[in-house]
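Me: I would like to learn how to read a protein model, one feature at a time. Please take the general idea before the particular case.

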Amino acid sequence: MSEIATTATVFAPEVHTVRIESTNHDGSFHGKNIAPKKFATTAEFGIADLLFGLDLGNAPTMGFAYPSWRGHLADLQLRPDMSTSVLWEPGVQSVIGDYWQADGTPVGICPRNLARTLVDRLATRGFTATIAVEIEATLFQEPVHEARAKGYRDLTPLGGSAGTALNLAKSKDWVDYMSAVARRLEQIGIEWEAWSDEDAAGQVELNLVPGDPISVCDNWARARQVMREVAFDRGHTVTFMAKPTAGYGQASHVNLSLQRDGVNAFYAPDGPSATMRHAVAGLLATMRGATSVMLPQITSFRRLVDLSGPPTTVTWGIANKTTAVRAVVGHPAYSRLEYRVPGADANLYLAVATILAGVIAGLDGSLEPADPVSDMAWCAPDLERLPETITKAADALAADLILREQLGDEFVDYWVGTRRWEWMQFHTGGGDPFSELSEWESTRYFEFP
């Protein structure tokens, strides 16, 4: 159980607001603004369970069994984690928290608690994890109010519509935006490694510094908020939608290494270590079910097009970016796995929890993977493909006994129920499965998560 925040917290005199923050299951950034005096008097804050019971269209999800913590708008308890406290902007302190039930047990679908559970479980095996995340987003020239008025359609890519990835000949407005994002990240203590032009017009990739899973997930949530706020301040729009236009989609690749006694357990001088092989095998064994978490929305699956970048098969390879898991080997410090399935709309806390679940299963069973794919993994008729729809992925997760054991029945059943609900909303609310991108999807996903 996490430590309850102290009530003796004292902030600088100029702080007039304490913003408590969290993500819900869909990855949306939520919270409240609390007066410092009020914040100092309590260790946790009641927030209605509807936070996890509403879909992205603001309708209550129904049609499946509620877990014990769902009820008649019962309060969940958000406990601030004071180790995350930062000065967000002059006068505003920011603190991330976790959700607990009134009896002191964790909420089974709280993304941050679930990620921590898997991190702790890995530690009992003698391992710590280091992760890094690549944040992809698409920038548009129009301010968000204009984007809303246009239904998020036919927007103008910031930086121009021509060019390829890593293009330095971008217009100054694009460069100025990313420079402003980098400065804001530095001001709140989030270290970044690189940012660059990505394949799609207006698209950017931001790489955060590797670290422990929970800290990196916290930085991911805050970095996306920074990108939104900077876009608003500069009169532009940013989206983390998996495929905001009919062109390229966008991802959120997760890089992972394991350490034992301070040594990279994935390293071996002659290729993948035994630990890396076991981890890969666990990831492959759980990949079809994990896809539901990695590709959470209807639009997420529109990315799965051969030859367009995202993986489409249940595969791994050494230095092979066409596979779902890319192994980087032969270096004592940098040997790692890149899990390439998640879309930009995935909740990183849940993605990391699910990745670690597969890794732990592989380690526990000393599983061995199939041979790595050395050729192109796209368009290969003999390779198992990822589920290509939200319902097929949900069915795969529902049937995955390994992920059920690691993530818990409560999480799996609730998540599967919300994904099936999302499918029904799409097909009854105006979604068009035959279009490249329907207006229903633009309205629902452009701003959230």
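Me: What should I know before I start?

Reply: This is a predicted model, in which local features need pLDDT of at least 70, side-chain atom pairs count only at pLDDT 80 or more, and totals for chains, interfaces and linings use all residues. Residues are numbered from 1 along each chain as its sequence is written, and side-chain values use heavy atoms, with hydrogens and water left out.

Me: How far apart are the end C-alpha atoms of helix H5, and what span should its residues give?

Reply: Helices (H or I, at least four residues) and strands (E, at least two) are DSSP runs, numbered from the N terminus. The expected span of a helix is 1.5 Å times one less than its number of residues. Helix H5 covers residues 213–233, and its 21 residues should span 30 Å; the end C-alpha atoms are 30 Å apart, which agrees. Helix H2 (residues 111–124) has 14 residues and reaches 20 Å from first C-alpha to last, close to the 20 Å expected.

Me: How many residues of H5 are buried?

Reply: Buried means under 20% relative accessible area, exposed means over 50%, and partly exposed is in between, with a 1.4 Å probe and protein chains only. In H5, 15 of the 21 residues are buried, so the helix is largely enclosed by the rest of the structure. Helix H6 (residues 274–285) is also largely enclosed, because nine of its twelve residues are buried. Among the buried residues of H6 are Thr 275, Met 276 and His 278.

Me: What do the buried residues of H6 pack against?

Reply: Their partners include strand E11 (254–260), helix H7 (287–294) and helix H8 (348–365).

Me: How do I read the angle between H2 and H8, and at what distance are their axes?

Reply: Axes are lines fitted to C-alpha atoms, for helices over the stretch in contact, and angles run from 0 to 180 degrees between N-to-C directions. Angles under 35 degrees count as roughly parallel, over 145 as roughly antiparallel, 65 to 115 as roughly perpendicular and the rest as oblique. H2 and H8 pack at an angle of about 25°, with their axes 8 Å apart. They are therefore roughly parallel to each other.

Me: Is the crossing of H2 and H8 left-handed or right-handed?

Reply: A crossing is left-handed if the near helix is turned anticlockwise from the far one by less than a right angle, and right-handed if clockwise. H2 passes H8 in a left-handed crossing.

Me: Which residues of H2 and H8 meet?

Reply: Contact means heavy atoms within 4.5 Å. Among the residues that meet are Leu 114, Ala 115 and Leu 118 in H2, and Ala 353, Leu 356 and Ile 360 in H8. As for class, Ala, Val, Leu, Ile, Met, Phe, Trp, Tyr, Cys and Pro count as nonpolar, Asp, Glu, Lys and Arg as charged, and the others, Gly among them, as polar. The contact of H2 with H8 has 13 nonpolar, no polar and two charged residues.

Me: How do H2 and H5 cross?

Reply: The axes of H2 and H5 come within 10 Å and cross at roughly 155°. H2 and H5 are therefore roughly antiparallel to each other, and their crossing is right-handed. The contact is made by Arg 112, Ala 115, Arg 116 and Val 119 of H2 and Pro 213, Ile 214 and Asp 218 of H5. By class, it has four nonpolar, no polar and three charged residues.

Me: Which way does H7 run against H8?

Reply: The axes of H7 and H8 come within 9 Å and cross at roughly 170°. That makes H7 roughly antiparallel to H8.

Me: What is there to notice in the backbone angles?

Reply: Most residues other than glycine have a negative phi, and most peptide bonds are trans. Tyr 152 has a positive phi, near 60°, and Asp 154 has a positive phi near 55°. Tyr 152 is found in the loop between helix H3 (144–149) and helix H4 (172–187), and Asp 154 lies in the loop between H3 and H4. Tyr 152 counts as buried at 11% relative accessibility, whereas Asp 154 counts as exposed at 69%.

Me: Which residues does the cis peptide bond join?

Reply: It joins Phe 448 and Pro 449, with omega about 5°. Pro 449 lies in the segment after helix H12 (439–445).
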